[in-house]
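Hello,

Here is the structure I promised to pass on.

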Amino acid sequence: MIKKKQIFKIGPTMCGEFNASSILREHTYLGTPDPTNADARPFVGTKRRTISHVIQVLPRCVLTTNTDRNRVGAPLQPAPVWVWLRQQLTRDPQFGELARQLMAGLSYRNQPVKLTPASVEALYGHQIYTSISKLEEFLS
C-alpha cells in the first residue's frame, strides 16, 4: 500500500518527497478499441499487439453501422490514426509480410467446391466401413 507521502531515494545522494496521488492516476482502458476514437495510444505497443488491435478496428467499421440517427446504416469511419497504423505496419520491411497476410484474412471468403471422384477415392478408398447409426448421425 502506498502512503500519501513517501521519501524516495534516487542514486546515492538525491532524496525527495512525493505525493502518491499526484503521480498515480487512475485510467480505464477498454479491451477493444473504439474505431472512431483518435487516441490509439493505449492500444499501441509491439507490432504484433498493435496489428491485433488494428484488425479489431477495421472490420467493425465495415460490418457495424453507426448508431447516429442521422446516419443509420452508414458504416463507421475509422479515425485516421487506425488507417495510418495499418499502412505503417503493412509497409514495415520486417513485419509487413505478416501484417499483409493478417489483413488479407479479413476479406477471405471460404467458397466450398465439390470434391473430384479422384479426391474422394484418395481420401476414403473404395469401401467405406461404417454402421447404419453412424450414417444416420451424419445425415441429421
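Below are my notes on the salt bridges.

First, some housekeeping: this is a predicted model, in which local features need pLDDT of at least 70 and side-chain atom pairs count only at pLDDT 80 or more, while totals for chains, interfaces and linings use all residues. Residues are numbered from 1 along each chain as its sequence is written, and side-chain values use heavy atoms, with hydrogens and water left out.

The structure holds 4 salt bridges (a side-chain nitrogen of Lys or Arg within 4 Å of a carboxyl oxygen of Asp or Glu). Among them is the pair K47 and D92, whose closest N and O atoms are 2.9 Å apart. This pair links distant parts of the chain, 45 residues apart: K47 sits in helix α2 (residues 47-63), and D92 in the loop between α3 (80-91) and α4 (96-104). Helices here are DSSP runs (H or I, at least four residues), numbered from the N terminus.

Is D92 buried or exposed? D92 counts as buried, at 16% relative accessibility, and K47 as partly exposed, at 37%. The cut-offs are under 20% relative accessible area for buried, over 50% for exposed and in between for partly exposed (1.4 Å probe, protein chains only).

Another salt bridge joins R100 and E97 at 3.3 Å, N to O. Both residues lie in helix α4, 3 residues apart, or about one turn of the helix. R100 is partly exposed at 41%, and E97 is partly exposed at 45%.

In helix α6 (residues 132-139), E137 and K134 are also 3 residues apart, about one turn. Their side chains meet at 3.9 Å, N to O, and E137 counts as exposed, at 54% relative accessibility.

Best wishes

Terms used
Helix = DSSP H or I, 4+ residues; strand = E, 2+ residues; numbered from the N terminus.
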